[in-house]
Amino acid sequence: MNNYRCSLCKSFFQITLLQLPIDILVNIFKRLQLSDLFNVILTCKTLKDLILSENTIWRHLFKDRLILHSSNKRTEQLAWSGLCRLSNNWCKGIFRNQVIAHHRTNYMPWLSFYHSEVLLVSVGSHLHCYPTNVKGMPNGRKICWRLHVPIKHRHDIRTNDISRFIVRKGQLVCGNRDGGVSIYKYCDIKQEPFLMCHIQDCHENGTVEVSAVEMLQNNNTIIVTGSNNSQYLNFWSWQNDIYGSLGYIGGNIMDIIINDGDGVRCMAVNESEDKMAIGLNGNSKPLLLDPNTEMFLMTAESTKDFRQIIRDICWHDENSVLYVTHSGVLELIDVRSHQTVYTARDPFHSKLYSLKSDGANAIVVGSSQYSRCVLYDIRNSSKHVQLYFTSLRPSPVYCLDFDPTKLIVAADRLVSVLDFNVSSAIPRKDYSDAFQT
């Protein structure tokens, strides 16, 4: 409380901080250090409510810091103060680790945290669906459904495990290591899907596994399959029968030969479904295909190398593609100019197996050692933001997914969740300045 003198009547009057206009208060709070702002929050409920609800303050304070974003409904409702608190926990290594599924056999699982509503995890030739609790965390003690995909026994050393799957717009497609693909349909993802079709021999008469699957749904649904031991990308037509309940495959409608590598390891289609990014065996750069015209928009003939593999690939936005390689490199390519706009390397120089982007500035990759994930900020290629050792097992991170509140990681024998929606009083696991390249 301060004394002020009126210039007209020459009398004195008093004014408190709470009597100042809101825009002046916001201007003052924007200039405080974060620690000082927290001290102001502790003074009274009025100032606390103002500071926590005023997004302008937090946007200014965190304009140069990494903020993790998400498109799911639960985290979209978070105020900027909540996003900043969560992002600070990500950057400082403040989280609680929880194992939600454990297996006695080594697998190479795939997962999808579908719209932050359910967690889908492949376990061998089974697919498990876990619900979320009221806090949005996957609940490993309950299960919505469990299904066993159709398999075909081969006379070789291959397993019948699910290699990858995609879930989108009411359909679920699973690619198997036995060379087949299973197509399911669902109305509610929390209820068990029903099998529509099973393609037994996708590539080379079923003698090679299906390592990559995608789906195009512009007009008729088209299933795209690739194998890391085949140079052909196969397109399969998919339609409903006259009753609209059962489906059938209209056959292999198109084969596209891949000359710039030894096979297809991974692929991803953009949101408008007019471009498909393809990661190869035997190349350190991806391909870009227009599935409508069957024309390659970007090739990689000059970078062919049988020692290189693109392990995982995804779209950062409509104009850029992210991918990780067998040699431990993370790269972002602008598909308009075909130029690499961001490059980073794993701090341990380990192989990178998986990645996910928030579509803004945050990228999380999974490495081949120590069940370790690495957080990057695409505005800074000189260092990583944080390392997360998700378990004590020396396993690769085969797949991962995240939103601002959590990171979900699939290793060989377990699926774990790192919860960042916790108190800052939890001991830090800060490796932000360790193992810098």
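What share of the 437 residues in the chain do buried residues make up? Buried residues make up 54%, where buried means under 20% relative accessible area, exposed means over 50%, and partly exposed lies in between, with a 1.4 Å probe and protein chains only.

Some ground rules. This is a predicted model, in which local features need pLDDT of at least 70 and side-chain atom pairs count only at pLDDT 80 or more, while totals for chains, interfaces and linings use all residues. Residues are numbered from 1 along each chain as its sequence is written, and side-chain values use heavy atoms, with hydrogens and water left out.

Overall layout, then. The chain has six helices and 30 strands; these are DSSP runs numbered from the N terminus, H or I of at least four residues for helices and E of at least two for strands. Taken along the principal axes, the C-alpha atoms fill a box of roughly 95 × 45 × 45 Å. The chain exposes about 20600 Å², and carbon and sulfur atoms supply 49% of that; accessible areas come from the Shrake-Rupley method with a 1.4 Å probe, and for residues only the protein chains shown count as cover. Of the contacts in the chain with a separation of 6 or more, 51% are between residues 24 or more positions apart. Contact means heavy atoms within 4.5 Å.

Now the helices. Helix α1 covers residues 22-29, and its buried residues are L25, V26 and F29. Seen down the axis of α1, these fall within an arc of 100°, so they line one face of the helix. The arc is that of the directions from the helix axis to the C-beta atoms. As a reminder, an α-helix has 3.6 residues a turn, so residues three or four places apart point the same way. The buried residues of α1 pack against α2 (34-41), α3 (45-53) and α4 (55-61).

Helix α3 can be described in similar terms. Its buried residues are L47, L50 and I51. They cover an arc of only 95° around the axis, which puts them on the same side of α3. The face turned away from that buried side carries the exposed residues K45 and S53. The buried residues of α3 pack against α1, α2 and α4.

Back to α1 for its surface. I24 is in helix α1 and counts as partly exposed, because its relative accessibility is 38%. L17, I24 and I28 make a nonpolar surface patch of about 220 Å². Patches are made of residues with over 30% relative accessible area and no salt bridge, with like charges joined within 9 Å and nonpolar side chains (Val, Leu, Ile, Met, Phe, Trp, Tyr) within 5 Å. A salt bridge is a side-chain nitrogen of Lys or Arg within 4 Å of a carboxyl oxygen of Asp or Glu.

Next, the core. Which residues have the most contacts inside the largest nonpolar core? They are L119 and V415, in a core of 31 residues. Strand β5, residues 118-123, supplies the largest share of this core, five residues. A nonpolar core is a set of buried Ala, Val, Leu, Ile, Met, Phe, Trp, Tyr and Cys residues joined through side-chain atoms within 4.5 Å. Leaving aside neighbours within four places in sequence, V415 has contacts that include V99, L111, L119, V121 and I408.

S416 sits in strand β30, residues 414-419. At 0% relative accessibility, S416 counts as buried. Not counting residues up to four places away in sequence, S416 touches N97, Q98, V99, I100, T390, L407, I408 and V409.

Another strand residue is L322, in β21, residues 320-325. L322 is buried, with a relative accessible area of 0%. L322 and K356 are 34 residues apart along the chain, and their C-alpha atoms are separated by 8.5 Å. Beyond four places in sequence, the contacts of L322 include I313, C314, L330, L332, L355 and I363.

Finally, the loops. Most residues other than glycine have a negative phi. E204, in the loop between β11 (194-199) and β12 (212-216), has a positive phi near 50°. E294 also has a positive phi, near 65°, and is in the loop between β18 (287-290) and β19 (295-298). E204 counts as partly exposed at 40% relative accessibility, and E294 counts as partly exposed at 42%.
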